[in-house]
Amino acid sequence: SICLSIYQDPVSFGCEHYFCRRCITEHWVRQEPQGTRDCPECRRTFTEPTLVPSLKLANIVERYSAFPLDAILGAQRSPFPCKDHEKVKLFCLTDRTVVCFFCDEPAMHEQHQVTNVDDAFEELQRELKEQLQGLQESERGHTEALHLLKRQLAETKSSAKSLRVTIGEAFERLHRLLRERQKAMLEELEADTARTLTDIEQKIQRYSQQLRKVQEGSQILQERLAEADKHTFLAGVASLSERLKGKIHETNLTYEDFPTSKYTGPLQYTIWKSLFQDIHP
């Protein structure tokens, strides 16, 4: 009758009615000129009433104050009562849990976002739909990424196969050119070797014949010089020049060096230069 809001420090004083300590005190101050103190609800008068705190009512007020009024009023209309006490049921959006106003501890959710079940249902439906939309977009993105990766995988395999053929052909051409250069160089070496050996063998044969003749002339001269009889020695001098004819030869040896330099030296560089006429990078 005099407390127009939620109880603050509720007290009683002999009857079964409760008031805020401040509200009942101010009411009695206004009654002092009359010299009586009564209960604003039942009009029972008291001479010296004693204000006794109501801890039970204070606890109920504390629980009630922990929740928004609109949430409580909305929850009272909810068709989902507490299964044990059939009381109001709320939903804490912060903790994502259903809260019973009388069964749970209100202080645990005092600073939380609490609403009725209907509003919570709509809010969570909206959030879950947004999450579903995000997941669907992510699914499309992953599907497209997998499609691109699989296509890249196939293209990479095909490209690698083609490159293996290209590399094989390029190196096979180089190998073929090198084998041709090797064959040509070996044939040229064989020709130079055969020509040089033939020249040397011919000279050996010629000088061997000349050596025999020179040895024969030397033997003739030694025999004549060994003649002790002067008349015999002088008699043989006349035919000596004829006998030595063709026996005297000078050593005038000339020959060409074997061309080893063109087969040694920087051989790889030489081959590399020769490939330029067949290779066009």
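The exercises below work through a predicted model, each with a solution in steps.

Residues are numbered from 1 along each chain as its sequence is written. In this predicted model, local features need pLDDT of at least 70 and side-chain atom pairs count only at pLDDT 80 or more, whereas totals for chains, interfaces and linings use all residues; side-chain values use heavy atoms, with hydrogens and water left out.

**Exercise 1. The chain as a whole**

Task: State how many helices and strands the protein chain has, and in what order they run.

Solution: Begin with the definition, in which helices (H or I, at least four residues) and strands (E, at least two) are DSSP runs numbered from the N terminus. On that basis the protein chain has six helices and eight strands, and from the N terminus on, the elements run β-β-α-β-β-β-α-α-β-β-β-α-α-α. Next consider burial, where buried means under 20% relative accessible area, exposed over 50% and partly exposed in between, with a 1.4 Å probe and protein chains only. Of the 281 residues of the protein chain, 21% count as buried. Finally turn to contacts, which mean heavy atoms within 4.5 Å: among those between residues at least 6 apart in sequence, 53% join residues at least 24 apart.

**Exercise 2. The faces of helix α1**

Task: Determine which residues of helix α1 are buried and how they are arranged around the axis.

Solution: In helix α1 (residues 21-31), the residues Ile24, His27, Trp28 and Gln31 are buried. Seen down the axis of α1, these buried residues fall within an arc of 95°, so they line one face of the helix; the arc is that of the directions from the helix axis to the C-beta atoms. On the other side of α1, Arg22 and Arg30 are exposed. What covers the buried residues of α1 includes β1, β2 (19-20) and β3.

**Exercise 3. How α4 meets α5**

Task: Describe how helices α4 and α5 are oriented and which residues bring them into contact.

Solution: The axes are lines fitted to C-alpha atoms, for helices over the stretch in contact, and angles run from 0 to 180 degrees between N-to-C directions. The axes of α4 (residues 117-225) and α5 (residues 230-243) come within 10 Å and cross at roughly 170°. That makes α4 roughly antiparallel to α5, given that angles under 35 degrees count as roughly parallel, over 145 as roughly antiparallel, 65 to 115 as roughly perpendicular and the rest as oblique.

In the contact, Ile220, Leu221, Glu223 and Arg224 of α4 meet Thr232, Phe233, Gly236, Leu240 and Arg243 of α5. By class, this contact has four nonpolar, two polar and three charged residues, where Ala, Val, Leu, Ile, Met, Phe, Trp, Tyr, Cys and Pro count as nonpolar, Asp, Glu, Lys and Arg as charged, and the others, Gly among them, as polar.

Glu223 is partly exposed, with a relative accessible area of 46%, and is ten residues from Phe233 in sequence and 9.9 Å from Phe233 in space, C-alpha to C-alpha. Gly217, also in helix α4, is buried at 5% relative accessible area and touches Leu244 and Lys247, not counting residues up to four places away in sequence.

**Exercise 4. Positive phi values**

Task: Locate Asp9 and Arg43, and state the phi of each.

Solution: Most residues other than glycine have a negative phi. Asp9, in the segment before β1 (10-12), has a positive phi near 55° and counts as partly exposed at 42% relative accessibility. Arg43, in the loop between β3 (37-38) and β4 (45-46), has a positive phi near 65° and counts as exposed at 54% relative accessibility.
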